[in-house]
Structure formats: structure tokens, C-alpha cells
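Dear colleague,

Please find below the structure for your work, together with its sequence.

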Amino acid sequence: MKSSSTRIQYLDGIRFKRVVNAAAKRLIEKHGHLNDINVFPVPDGDTGSNMAGTMDNVVKKSADTLDQSIGKMSEVIAESALLGARGNSGVILAQFFCGFSEGVKGLQRVTLKDFSDAASNASKRALEAISEPKEGTILTVIRDWSDHLSANHQNYNNFHDLLYDSLEHAKESVLATKEKLASLKAADVVDAGALGFVYLLEGIVEFTERGSLNRQEEQSIIPEPSAGVHDRVAVDSLTYSFCTECMISGEGIDRDALRKEVGELGDSLVVAGTSSKVRVHVHTNEPETVFQIAAEYGEVSHHKKEDMLEQHRNLLTVKEQRTGILTDSTCDLPDELIKKYDIHVAPLKLYMDGNELLDKVDISTEEFNKKLADSKSVQTSQPSPGHYKALYEKLNADYEEVLAMHVMAIHSGTFQSSKNMGASILDDPHAIDTYTVTGGLGLVTLEAAKLAQQGKGAKEIAEKVEEMRKNVFVLVAMDTVDFAVRGGRLNKNIGTIAKLFNIKPVLEFATRNEGLCGIVAKCFGVRHSEARLIKLLKKRVQGKTNLRFAITHVEAPEKAKRLTDMIKKEFHSDIEFELQAAPVLGCYSGPGACAVSVLCDS
């Protein structure tokens, strides 16, 4: 047994938050190692990122909470974990915190026995959340750890000594996982989720010993994995392809009934939370059906579906690519191109009638744009620091360099926030204000991603992007001026006149003016505005070559088709892609808007 220098004999709310922050810091530091050894239940290499993302949300959401009561503080931490839970192990962690919160409910502070009892309850609840628990996973280590606490807490008089001793027991448990699951034995690794829990405990023990987060690097209990971990467990197919998740909010949610319904659609099912907030994780081939079932139990948010087989194949591919590509959700590109070129997207925040939503996470572009016409207020805000941090850390782990390309800074703080976070994480950060948005940003990002796949470095690609932005044009034919007035892009008096005379303006995001948005034509009627847009476009691209077009619209498929036909006729060119525009365009242009973007060579 190790003697401590900091003799903590009770935990209150503030101390509990501090030890949880220490645990999160240690896990986030080691998340790349966890990704490298992640082979169970699916060898898709994301357990570390999922657990780190879950804990990062806990740290962020509890940062301003100063409640001295451990009962109240644990409620905040449990809810934060639920809201930020990602992946199988992340949702199990969230259920662990919910069980712990239940165990300390109403308490101001906890003794060693109280803590031990709460840990036992947390272990029990985590196990209950899993439909088909397996030996040799995070659940096994949590159980072994909590059992050791229960059997030994009376032998100690301070938290550090008890936690240090229980950590050593948890380390033995995680080493034993290799022999309990065939896939772990085949890959010669321990379970990634189980090791992640041990990293959490290491962070706590280090904090209770030194009273700070200035950890001195020690030899990990698990050596770095040998090459080819994922090759040793490679698969050509999966029974269930999509890792599917969502959050349900309501009253009296029947988790057992929910578990039974969703359980028929796949495996690796975790139903975590409380009677009012439930996080669902399942591997399935029918993600949309899962979301439909969830909607019968309450309001559904935080939708996620990821193709695990594609993630696995990406891990098996020997990448010559040096540079990872990051953009934001104002970048309009089809999902298949985002996946094909491994483009990472930071989601903007959307505010619709007082509800905060994550763009393309909590709500799809199509859903958002459909609701625009009936909304009373819509706004957008830059991605959160937590999302940027998680994305930069993942890209830093996967690539030698990172290039971030974002919506014009003149209208958004998105670029500057990304640049600041990149500078704090990367040794050699590269960030570009593209001066453009929607399909224009999509076209530029796509070209950059293609250069990255050719093995180009971030600096070289950035230089080419700076050249590209001189030759990208985005023009928008609008159907209403109401949203431009409401968003401050159009003077109210001008808006009144435009409505009175049925004026349909054409907007331009001008890269020659760093992306400044302005009215470039005032037209009488829809068809006139479309014809005028094409005329302006011809003027912009005169003398230029290699024209690549994209069309994005806000609930205006017929207008998009007409403009597509006009482009084919006038420019003898096909469209690179057509899709619904990012909500940021709809917020300021409204339903019926259609943007034509073009990227060309000088």
C-alpha cells in the first residue's frame, strides 16, 4: 500500500468535480492509444475518441457549477455525460455516472463507505444498461474495481490510499481481459474501454496524491501496440453496419420496453440514463427505424449513425496521406464525398425558436430548412471549443499535418475559434479563411481534400486554396427578403419596399471583398432573378477555365433544376453536386433561396 501526501477523508461537490476533471485529463491524453487497440465489439478504432469526447463534455458542462453538495454536483456530471456520450464505452460511462449520482443523491459529502456504496450502485446500473454483457470489457473492470472497494474500504482512513490500492486491482483486471475475449487475444491487446476506465482511475489517484493535475509521465501499464493490430482481426463484412445513437427526453420513459423494441434491430445495445433522459446506442442496419421508435418515447435529439465497416476499412488502408482536412458545417458537400475524402466537419450551433441544436447532428439540414418557414426566430453560432478540440486531437493523432478551411471570417467567428484551438494543439497549425460559404466552401474543400489524398502537405495545399479563393463565386437567387431583414443582412426599409414591389434580390458572397455579402441585383419576379443570376455569373467567369459548379437550395428543388438546366445550356458544364443548403444560408435567405457556386481556374 502506498502512503499519501494528501489525506482526503471526504469528498464534497467541489472535490468530486476536481477528481473527475483529473480523470478526464488523463483519459483525453491517452485516447489515441485506446483507438490503436480498439478491436471489440467492432474493430473501428474510435473507442478512445468516444470516451474522450464524453469526458470532455463533462468537464465543459460542469465548469461553472460550484455546488458544494456532491449529490447536486454528481447530477450535473451525470447529465453532462449523458448529453456528450459517444460510442459503446462512452454511453456505459454515462450510465456509470448516473448510477453513482443515484448512490449519492441528497448527500452533502461522502465518506469512504458512502463512496464505495455509490460505486457499487454505479457498477450495477452500468451492467443493467447492457442487453448482452460480455466478460472482458469495461463492465468487468468496473465490477472488479467496485467489488474491491466494498471489500476493503474499512481498512483505510483516506481516499488516496483506498483509491491507489483499488487502482492496482483494476490494472490486474484489465490485463486479464486479453484472455477473456477471442478478438482481444487474436489482436494481442487488452480491451480499449476497460483500459480507458483505468486511465480515469489513474488521473484520480494522481490528483489525490499531488493535489494538482501536473502529472509526471509514468510508464503505461500497457505497452504501445505492435504494428498490424487491426489487420489481425480484419473483417470483410459486419452483421450490423451502423453505430447508431440518440438522446430521448421525456417523462416516465420505460427503458425496459425501449430496450426490448430497439434490441430486435441489432446488437451492442446500451440504454442508459434516467426516466426523463435516456441515451440509446445500438449497432444496426436500420438507424432510421431506431430513431422512429425512440420518438415514441419522447423528444429525440443528438442523432448519430456511423458506417463501422467503412471506419474499419479506413484503418486497414496504409495511408500515404499526410494532411487531414477540417471544415465546418456551412460547407455543403454530399455525405458520400465527405466520407470518401475523410473530411472532418465541426458542427455550428443553431437556435430555432429558443431551442439549441447542433447542425447536422441534432437535426438534419432537410429538417431544419423545412421548419424555417414557420419559425419565429432563427440564428447560428460558431462550433463549441469542445467540438474543435475533439476534432483537432483526432486529426493530430491520424495525420502528420492538419489544414482547416472555414466560412468567411467577416460574417462568423468560426474561423478564428478554429485557428485558436489549432494553435493550442498542433505544432504547425494551418488555417484558412476561404472567404466563401455553402457550395463555394464545398468546392474549395473538395479540391483541397483531393490534394491531401495525393500526399500534399498542409502548407502547399493552403497556398493553393489561397489561389482558389480568388476564383470562387457564390450567387444566391432569393424568394423572400424577410429572413435577410430579420438577420440584419438587409435594411428594414429596403425590405418593406422589396416586398411591396415583389422584388427578388440576387445576393453575392464576394471573395474579392473577403466574402462580404451584398445585393448585386434587384429583380421583378422569380424567373427574372434566375436569368439575372446566370448573366452575372457569365460576367464573373469570363475568360476563366475548368468551371466546376455546385447548386445548393433551401426547399427549392424546382428552382435548382431550372438553374441546373440553364448552366448546362450556357456553360456546357455538368453540376458537381446539388443538395439542400446549410442552415446558415437558410437563416439569412429563407425558404426558396437557391445558390449557384462556381470554382474555376484563371
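In this predicted model, four strands form an open sheet in the order β8-β7-β12-β13, and their pairing is parallel. The edge positions belong to β8 (343-346) and β13 (430-433); each has a single partner strand, so one side of each lacks a neighbour in the sheet. On average, neighbouring strands of this sheet are turned by 25° against each other, direction ignored. Strand β7 (residues 323-328) is joined to β8 by four bridges, and Thr327 stands opposite Val345 in β8.

Two helices should be noted here. Helix α16 (residues 385-398) packs on the sheet and touches β7, β8 and β12 (401-406), its direction making about 165° with that of β8. Helix α19 (residues 458-468) lies across β7, β12 and β13 and runs at about 20° to β12.

Turning to the aromatic residues, a search of the whole structure gives 10 aromatic pairs. The ring centres of Phe96 and Trp145 are 6.2 Å apart with planes at 50°, so this pair is tilted. Since Phe96 belongs to helix α5 (residues 87-103) and Trp145 to helix α7 (residues 138-152), the pair ties together parts 49 residues apart in sequence. Phe96 and Phe197 have ring centres 5.6 Å apart and planes at 75°, so they are edge-to-face. Phe197 lies in helix α10 (residues 192-210), 101 residues from Phe96. Phe96 and Trp145 are both buried, as is Phe197.

Finally, Arg109 lies over the face of Tyr10, at 3.6 Å from the ring centre, and Arg469 over that of Tyr435, at 4.0 Å.

Yours sincerely

Conventions:
Residues numbered from 1 in each chain as written. Predicted model: local features only at pLDDT ≥ 70, side-chain atom pairs only at ≥ 80, totals over all residues. Heavy atoms only, no water. Pairing = 2+ DSSP bridges. Axes fitted to C-alpha atoms, helices over the stretch in contact; angles between N-to-C directions. Contact = heavy atoms within 4.5 Å. Phe/Tyr/Trp six-rings, centres within 6.5 Å; stacked < 30°, edge-to-face > 60°. Buried < 20%, exposed > 50% of the residue type's maximum accessible area, 1.4 Å probe, protein only. Lys NZ or Arg CZ within 6 Å of the ring centre and 35° of its normal.
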